[in-house]
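Visitor: I would like to go through the contacts and voids of this model. Please give the cut-offs as you go.

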Amino acid sequence: MRYAVIGTGAIGGFYGSKLARAGQEVHFLLHRDYDYVKENGLTVDSCDGSFVLPHVNAYQSVEQMPKCDVVLVGLKTTNNHLLAKLLPPLLHERSLVLLIQNGIGVEHDVEQMVPGAWLAAGLAFICSAKTEPGRISHQCYGSINIGNYSCTDKAVVAALIDDFREAGIQTAPVEYLEARWRKAVWNMPFNGMTVALNTQTDMLLNNPQTERLIYDQMMEVINAARACGVTTLDSTFADKMMEMTRAMIPYSPSMKLDYDFHRPMEIGYIYSRPIRIAAEAGCPMPKLEMLEAELRFIEQYNKK
């Protein structure tokens, strides 16, 4: 299949580069580092083996790009308002848009922007960052779950999963709503807490008070998910996420990097939307509501 990548950063750049390295036709939309990548290609420094794509199909405008079978969206959700213009030139009637983004409610809103588009959620479990032009640092993990949201042809989703697997990416199909809430169990505590306390994941778990707070926040997410109809999540998943994070290298999640580089933080979809949905389902999330308020305060005074 022919692929497009919108948002060639730590996530879109990593998965798009893996697909291109495996022989897939991949077209990358770039912004600040377009000139660098056009001249030097993309470099992936990876725990699984580093590599360079010396020649990249790089573009500054979607109007220059061909229509594609799959569009990988790796933009931060703070830029999702751009998708109303970015997506249509890339889509034909059977194109699939894979939203590799954090948060709850993303697909619902994109569906309103691009009615009739086939959408799926990409839930990436990866420690990756892009802090230099054309260079992605993949530190650990790297799997991705695919949750079908509105694609009526299951064969297209199956072909996408096959391509990811052939590129060496651990990939699994999952139920959409469960997958979004499952990812939130990790995202909601760790993204915001690393910002609020200006730290990394290991420090949060090395302190008994913050370790307990992280676990309590995870359970708030799990209880909210269950109130919204996801019956497969319970405390054993929180235990698993805690152990997984302890085994990770010290890590700054995407929201912490956004804070460090004075970029807008994804508070809306990672916090505000799920907190509102949970409240509507009769399951308030008081500890995460407090964290959201702290993040709103921090963001107000963290602008350049």
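Visitor: How many aromatic pairs does the count come to?

Guide: This is a predicted model, in which local features need pLDDT of at least 70 and side-chain atom pairs count only at pLDDT 80 or more, while totals for chains, interfaces and linings use all residues. Residues are numbered from 1 along each chain as its sequence is written, and side-chain values use heavy atoms, with hydrogens and water left out. Rings of Phe, Tyr and Trp (its six-membered ring) pair if their centres lie within 6.5 Å; planes under 30 degrees apart are stacked, over 60 edge-to-face, and the rest tilted. By this rule the number of aromatic pairs is five.

Visitor: Which class of pair do Phe14 and Tyr15 form?

Guide: The ring centres of Phe14 and Tyr15 are 5.1 Å apart, with 75° between the planes. Buried means under 20% relative accessible area, exposed over 50%, and partly exposed in between (1.4 Å probe, protein chains only). Phe14 is buried at 2%, and Tyr15 is buried at 0%. Their pair is edge-to-face.

Visitor: How many residues apart are Tyr149 and Tyr176?

Guide: Tyr149 and Tyr176 form an edge-to-face pair, 4.9 Å centre to centre and 65° between the planes. Tyr149 is partly exposed at 27%, whereas Tyr176 is buried at 15%. Helices (H or I, at least four residues) and strands (E, at least two) are DSSP runs, numbered from the N terminus. Tyr149 lies in the loop between β9 and α5 (154-166) and Tyr176 in helix α6, so the pair links distant parts of the chain, with a separation of 27 residues.

Visitor: Over which ring does the charged end of Lys183 sit?

Guide: A charge sits over a ring if NZ of Lys or CZ of Arg is within 6 Å of the ring centre and within 35 degrees of the ring normal. Arg182 lies over the face of Phe237, at 4.6 Å from the ring centre. For Lys183 the distance is 5.7 Å, and the ring is that of Phe125.

Visitor: What is the volume of the largest cavity?

Guide: On a 1 Å grid over the protein atoms alone, a cavity is a set of points where a 1.4 Å probe fits but cannot get out, and a pocket is an open set with protein on both sides within 12 Å along at least five of seven lines; lining residues have an atom within 4 Å of a point. Points are joined across faces, edges and corners, and a volume is the space filled by probe spheres set on them. The lining of the largest cavity includes Lys183, Tyr269 and Pro274, and α6 (176-196) gives the largest share, five residues. The volume of this cavity is about 40 Å³.

Visitor: Which element supplies the largest share of the lining of the second largest pocket?

Guide: The second largest pocket has a volume of about 380 Å³ and is lined by 20 residues, with Phe125 and Tyr141 among those nearest its centre. The largest share is six residues, from β9.

Visitor: How many disulfides does a search of the whole structure find?

Guide: A disulfide is a pair of cysteine sulfur atoms within 2.5 Å. The search of the whole structure finds zero. Cys140 is in no disulfide, and its nearest cysteine sulfur, in Cys127, is 3.3 Å away. With 13% relative accessibility Cys140 is buried, but the count of disulfides is zero.
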